[in-house]
Structure formats: structure tokens, C-alpha cells
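Here is a briefing on the structure shown next.

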Number of protein chains: 2
Amino acid sequence: MNIKKVVVAGAGVLGSQIAFQSAYKGFDVIVWARSEGSVERARPKFERLLDIYETTLEAMKTNPAAYCRGLAESPQVSEEKIDSLKDAAKKAFESLKFTTSYEEAANDADLVIEAIAEDPEQKIAFYTELAHYLPEKTILATNSSTMLPSTFAEATGRPEKYLALHFANEIWRNNTAEIMGHAGTAQQPYEEVVKFADAIGMIPLCLKKEQPGYILNSLLVPFLKSAQALYATGVADPETIDKTWMLATGAPLGPFRILDIVGLTTTYNIAIMDPLAADPETVQGKVAAMLKERIGAGKTGVNAGEGFYRYEK
Amino acid sequence: MNIKKVVVAGAGVLGSQIAFQSAYKGFDVIVWARSEGSVERARPKFERLLDIYETTLEAMKTNPAAYCRGLAESPQVSEEKIDSLKDAAKKAFESLKFTTSYEEAANDADLVIEAIAEDPEQKIAFYTELAHYLPEKTILATNSSTMLPSTFAEATGRPEKYLALHFANEIWRNNTAEIMGHAGTAQQPYEEVVKFADAIGMIPLCLKKEQPGYILNSLLVPFLKSAQALYATGVADPETIDKTWMLATGAPLGPFRILDIVGLTTTYNIAIMDPLAADPETVQGKVAAMLKERIGAGKTGVNAGEGFYRYEK
């Protein structure tokens, strides 16, 4: 793998995690943000990440359940090794560079990971401007959850070196990295990105062609929709539905626990994409109404302390 | 609960398991079968079940992973207790009665569980004939996976005491019991059946209204369909899809492992219910073709030693 210098564009929830994890694993990382204001708002996120990494590593000394694969390659790790990993987290934090300059970000970049807002216009503006400064060698990846690389391939000016590299929230713990090209992505940059994902402690999951929702959401969305339909039409309550799934498949979480983690607002926004959701007589309309009522009552999921279930704050 | 005498009609895979488990938990069980030939074909099934119960109980003495909740209430069970449970299995086997007579089966029955073929005509003929002999008190339950109780409520002559009680294969290990009435089922018999399911070591899962596929298949079928679509359209291979699901949700099995357990023939029969499966250009058509090819090669799932994965025989 030839990737050394990594640029993460956007310092939101995922952008900051990708940048921190890459630095933790020894890459030379620069964070690009749109404005000085964005850079300032990003700093506390990195302080929090350093705290999470240090606390989790310390916990791993005594509690096997604290183990996160993104932080250490094996659960069997000595106290000395953990202390050196805590040093690595501290060094990662100190090594992070920030810029608002396209030129500075682009300079000698091996990989740019775009994690800016899910707004096609902003993405096109970013890609177009960046293209003026990017060296020929640079691979460009998007972390977009909802948009396809083919949409932006032309705007990047380097379609053959452009693809999607999609992370899950809390990447130190949730190590999926879905890698998906568009029809014009070349094999070599694709393979470089697979190696990079592995090198930062992720588990590369390779898609052979473009798929809206990648693999995970292609499975999760219809699964969660059918669970919501059972509840919204009065067939069974969330506890019974979750229990059925867990008992029958051995899964640790049922669909409503997963929905609480995803968050009901996101779930509602997905639900109303279906035109049938506008009709209260349809199953889709009943699902939307059920979600809207809960959201209206502030029950938006785990982060709010209550969704379909209640959580200790 | 007033249920003491239980009739299980049909001694197929599930019928024999329901009868044996009910007898094991102390109920007075009579197995009704259509003909003396059916009774003869059923006997080896019960011998095999006795062997499974005895072997599993013996294994539980030394191997915690052998524990089956249907066999013992707690994994912490003494050797003496296990020996008494093995006696109970033996006594269950010896206590089972068989008949081909509607009259003998119906006599003083508290609960009849219908587990005959998934053929509406056979079910109607069975219910109609049985109705001549059944005492007023008897509750009648169907184990049908694919048909709704409302379809047969009239034919039973006792719609208010008729409902579905749906088991999973290997009920001593897989303890789900989905309980589903039709609109005319009365509350009291519904609750009796909930108590009965609990009494034979199942976990009652209560549906509040009729739902084709109950809870489990309403979740499982769309989930498995989306996984098959990802593979059949060339997005990713079964191993990657399974890995994604397991990593992201913590589930012990991905969709293709589940499909191998369900069996590809059953999966194919579900797939071709969709008229779009007849068109090879549709996703549904591609899924059907993918399944057909594997079935043609004898790769029908775990029982065949190979499906999407290979299994040690």
C-alpha cells in the first residue's frame, strides 16, 4: 500500500472519527474544514475521542468486555502494550493537522476521504474545487451513506480513482468499512482502499457494484420496515417482536432496539421517502404516524433516553 | 389452566415433536393419524425423539452448550435431576397413545393441536369430521405456517375456541410458540393456550391479530429476500453479506447461513410465489434462477451437506 498522507474533509461525527482512527493507526492525517469556525467546532470532538480511546484502553486492562477491535488487534493484550496504545492515542491527537485551504490539504495527498454534508451541491462544489490542486496519484473516497459514487464521478475529475468508503458510527468499536466503486472505478485504487481500511483496523466489506444503501442498509431497511409495519398495524408490540427475532435467530438485539440506536428521526425521514406514507390508510402511513407521535413526545431513541424502550441516562 | 388431555393430529415432523414435548412435560397425549399406515410411519419418529432427548440430557451433565430450555428449566441442573428428566422422557415415550378414530381422539379432549398437511381441503375435511365428536370444552389450535385461522374458523364449528399455535422445528431447542387468533377467537381460550405453551416449555409470543407469516416470517422473509437480491444481482457474495450483517448487528448467523438452515427448496417455493420471478430480467427472476441452479446441483442446504456453504456430513 502506498497510502501515507490522508486528508479527511469534514469534521462532523464520522469525519472526526475517521481522522482520529487513521492517525491512531499511524497515518499522517490532515483535517480539512470549510471555515475556521468549523475547525474550532471540531476541536472538542477530537478531545472527546482521545478521552474515549484512553478510557476504553484503560478499561481493557481489567474488563474483557471493554475490548474494541479498532483499538487493539487482539483481546489478549498486556498492560504494557495498552499503555503504549494510550501513548499512540495521545500522539494521534497531537499529530492532527487542520486546514481550510484546498491547496494545503491536497498537497502530496495519497487519499482524500470526503465526509462533508449529505448535500449534492456541496459535494460537487468541494470536488470541483479540490480537483484544481490534487496530485494525479490521489485516491478520492466518499463516506456518503445515501449517495452513489457515479453521481459525482465526473465532478471529481478522476473517476477511475474515485469510490465510496463507508464507515459505521463509533468506528473504533464498529469496524465495518463498506467499499464500493462505480462502473468506472479502476481496480488498483479500489484495492489500495481495501488495504487502507484494513490498516486502520476496519474489516473491509467489498461490494462488486454500486448499490444504494450498500450491503448493510439494503438488509436493514426492509427488515426494520417489516418490524415497524407489524407494530403500526397492531399485530404485536415491540417487546414481543424483538423477543421473537432474538429467540428465533439468536441475535442480541431485536429490530426495535436497533431502531432506538438508529434514532426515530432518521427512521421517520426514511419512512416518508415512500409516497404511500402520505396516506394514513396505508401501512406506510400508519408507520409514519406511529413514528411521528413518538418523535413528538421526544422519544427519539437511545440518545434521548427513550424511544421504543426507556434507557438510563 | 384446565388443559390435561391433549390431542395432536398429524404425526409429521412438527406433529411428532409437539406430541412428544407435551408428553415430556406431563400432559396426557394422544396422537391422531389418518391411517394405520401413518401410525406405523410415526413410531420411528418418536423413537428418534426419545433418543435425542436422552442424549441431549446426558450431554447437559458435562457440556453447558448442550442445554436446551425445552428440556430443563435452568442450565444449572444436577446430575440427579437430569436422570429424573431422562426417566420423564422414557415415560413420555411409553405414555403416548395412538388412534385413527376421530371419536377416540375427541373423547374428553381439552386441547386439539392440528398439525396435518398444509392442504386446505384436508384441513377442512379434518375439522368438519372432528366437529361431530368434540366436546364443547375443547380448544382447537392449528400449527399451520402458511394459512390463517380465519380461513377455517367456520369449518371447525367452534370459531371462538379456534386459533393458531405455531411452533418452530426442533421445539425442545427452539422454543418459540406464536399464538394468533382470528377476529372471532375469544379471550379465554386464547389465554389457556398461552398458559399451555408456557407449561410445555415454550416461550409464548402473542399476536393481537391475524398476520400471514406470524411475526417471525414477516420479519425473516423480506430480510432473506433482500440478501438474495444483493447476491443474485452481483453486488456481493454470500460470505461478505453474512459478514456485514454479523459485524453490524452482532448476530451469530448471517442471512445465507439462515437460508441454508431453512433450505433452498423452501426458499425457492417462496420466491416463485412472486409473479415477477417468471421474468429473468427482474431481480426476482435473477433470485429464482440463482436458487434453481443451486438446487439443480443438489446444494439444497445444511441437510444436503451444501447450500451457500459446505457442511461436514
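D108(A) sits in the loop between α4 (102-106) and β4 (111-114) of chain A; helices (H or I, at least four residues) and strands (E, at least two) are DSSP runs, numbered from the N terminus. Its phi is positive, about 60 degrees, although D108(A) is not a glycine. Most residues other than glycine have a negative phi.

This is a predicted model, in which local features need pLDDT of at least 70, side-chain atom pairs count only at pLDDT 80 or more, and totals for chains, interfaces and linings use all residues. Residues are numbered from 1 along each chain as its sequence is written, chains are lettered from A and ligands numbered from 1 in the order in which they are written, and side-chain values use heavy atoms, with hydrogens and water left out.

**Positive phi**
- D108(A) is partly exposed, at 45% relative accessible area (buried means under 20%, exposed over 50%, partly exposed in between; 1.4 Å probe, protein chains only).
- In chain B, E170(B) also has a positive phi, near 60 degrees, and is not a glycine.
- E170(B) lies in the loop between β6 (162-167) and β7 of chain B.
- E170(B) is partly exposed, at 29% relative accessibility.

**Contact between the chains**
- Chain B gives 38 residues to the contact and chain A gives 38 residues (contact means heavy atoms within 4.5 Å).
- About 3,300 Å² is buried between chain B and chain A, and carbon and sulfur atoms give 77% of that area (buried area is the accessible area, 1.4 Å probe, that two parts lose on being put together, summed over both).
- L219(B), V235(B) and W245(B) supply 19% of the area that chain B buries against chain A, more than any other three residues.
- Two salt bridges are counted between chain B and chain A (a side-chain nitrogen of Lys or Arg within 4 Å of a carboxyl oxygen of Asp or Glu).
- D237(A) and K208(B) form a salt bridge, 3.8 Å from N to O.
- Four residue pairs, both at pLDDT 80 or more, are in polar contact between chain B and chain A (a pair of N or O atoms within 3.5 Å; within protein, one must be able to donate a hydrogen and the other to accept it, and residues adjacent in sequence count only if both atoms are side-chain atoms).
- On the side of chain B that touches chain A, β7 (176-181), β8 (203-207), α8 (216-232) and α9 (238-249) of chain B each supply at least two residues.
- α8(B) gives the largest share of that side, nine residues.

**Salt bridges within chains**
- Over all chains, the structure holds 28 salt bridges.
- Side chains of opposite charge can pair when their charged atoms come close.
- E58(A) pairs with K61(A), with the closest N and O atoms 3.3 Å apart.
- E58(A) is partly exposed at 34% relative accessibility, and K61(A) is partly exposed at 23%.
- K86(B) and E58(B) meet in a salt bridge of 2.5 Å, N to O.
- That pair links distant parts of the chain, 28 residues apart: K86(B) is in helix α3 (residues 79-95) and E58(B) in helix α2 (residues 36-60) of chain B.
- K161(B) pairs with E160(B), the closest N and O atoms being 3.6 Å apart.
- K161(B) is buried at 17% relative accessible area, whereas E160(B) is partly exposed at 33%.
- Salt bridges that share partners join E58(A), K61(A), D83(A) and K86(A) into one network.

**Domains of chain A**
- Chain A is assigned domain 1 (5-206) and domain 2 (216-304), with bounds from an automatic or database domain assignment.
- The C-alpha centres of domain 1 and domain 2 of chain A lie 30 Å apart.
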